[in-house]
Amino acid sequence: MDMDMDMYRCVECGFRIKTLFVQYSPGNIRLMKCENCKAVADEYIECNFLILLIDLILHKPKAYRHLLFNVLKQGAPHFEGLFWKSTVGYLLLDAYRSLVLKSCDEEWSSSMSLSSLVWTCRKLLTDVFLGNLLFLGTFLLATKIFLSRSAGSLRNKDILLAILISSYFKMFLIVMMVWEFPSSVIFIIDLFVLSSNTVAVKVMTESAMSRCIGACFSAHAVKIFTTQVLELRSLRYSNFFSDLMP
């Protein structure tokens, strides 16, 4: 792996730096300054997590640099485990999103038979898996073709983890388990996820914002198109078998 990828980043300008702070004794540290911009390399080290969360919601690039380069460091021993845990969490939240939308349809009923319920859940999980497989595949292809050369030095897992982590807005779907919200809230969350993905990609690849928007939008468009095609195919099969029933 490129040694530069194991270095930390200045959250202000993105310049690579070997260390973020010097610890003289427990609880006594001195934050290092960036050699490029002369600012404190990572001010979030001494900040509360809530401040970081607020800056992430506000889409501040320096908050994403802190999270993606200085916290989720590519060379860290827990990187692989974090990647797979993030993948499973992302798929489960996406499955719940599809379940909420499905429950809003007229076809979803609490009086469904067990076989129909099992078939619906299996179809839902299959659609979520295929949709996200094409989404991530399209995204990786777009980053390699349309984004800057710096994207070529990144591992696929680095880019994918950035997408998974920057989709943290999906966690707000859990709130819908407690309080009832209209289905339109889901699409608002989707817009926040799209914008958050765009900022994360820009921070990771250092590409122009317009190219990052294009890459993220095309990947999300492919996912939506795939989901709609699978839904129409499922509806066609459902109507076909209904006509065969006496």
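The model is predicted, so to speak of local features a pLDDT of at least 70 is needed, side-chain atom pairs count only at pLDDT 80 or more, and totals for chains, interfaces and linings use all residues. Residues are numbered from 1 along each chain as its sequence is written, and side-chain values use heavy atoms, with hydrogens and water left out.

Starting with the strands, β3 (residues 21–25) and β4 (residues 28–31) run antiparallel and are joined by four bridges. Helices (H or I, at least four residues) and strands (E, at least two) are DSSP runs, numbered from the N terminus, and two strands pair if DSSP finds at least two bridges between them. Val22 has Arg30 in β4 as its bridge partner. The two strands make a hairpin with two residues between them, and Gly27 in the turn shows a positive phi of about 85 degrees.

A UniProt record (unreviewed entry) places a "transmembrane region" at residues 128–147; UniProt positions follow the numbering used here, feature names are shortened, and annotations may be inferred rather than shown by experiment. In the model, that stretch is 95% helix and 0% strand, with its end C-alpha atoms 27 Å apart.

Next come the charged pairs. Counting a salt bridge as a side-chain nitrogen of Lys or Arg within 4 Å of a carboxyl oxygen of Asp or Glu, the model has seven. Asp94 takes part in a salt bridge with Lys170, the closest N and O atoms being 2.9 Å apart. That pair links distant parts of the chain, 76 residues apart, with Lys170 in the loop between α5 and α6 and Asp94 in helix α3. Both Lys170 and Asp94 are buried, where buried means under 20% relative accessible area, exposed over 50%, and partly exposed in between (1.4 Å probe, protein chains only). Asp94 also meets Lys223 in a salt bridge (3.0 Å, N to O). Because Lys223 lies in helix α7 and Asp94 in helix α3, this pair ties together parts 129 residues apart in sequence. Lys223, like Asp94, is buried.

Asp190 sits in helix α6, so parts 93 residues apart in sequence are tied together. Arg97 counts as buried because its relative accessibility is 16%. Elsewhere, salt bridges that share partners join Glu12, Glu43 and Lys62 into one network.

Finally, the surface. Met171, Ile174, Met177, Val178, Trp179 and Phe181 make a nonpolar patch of about 670 Å². Patches consist of residues with over 30% relative accessible area and no salt bridge, with like charges joined within 9 Å and nonpolar side chains (Val, Leu, Ile, Met, Phe, Trp, Tyr) within 5 Å. Areas come from the Shrake-Rupley method with a 1.4 Å probe; for residues, only the protein chains shown count as cover. Trp179 belongs to the loop between α5 (156–165) and α6 (184–205), and is exposed at 55% relative accessible area. Pro182 is in the loop between α5 and α6 and is exposed at 51%.
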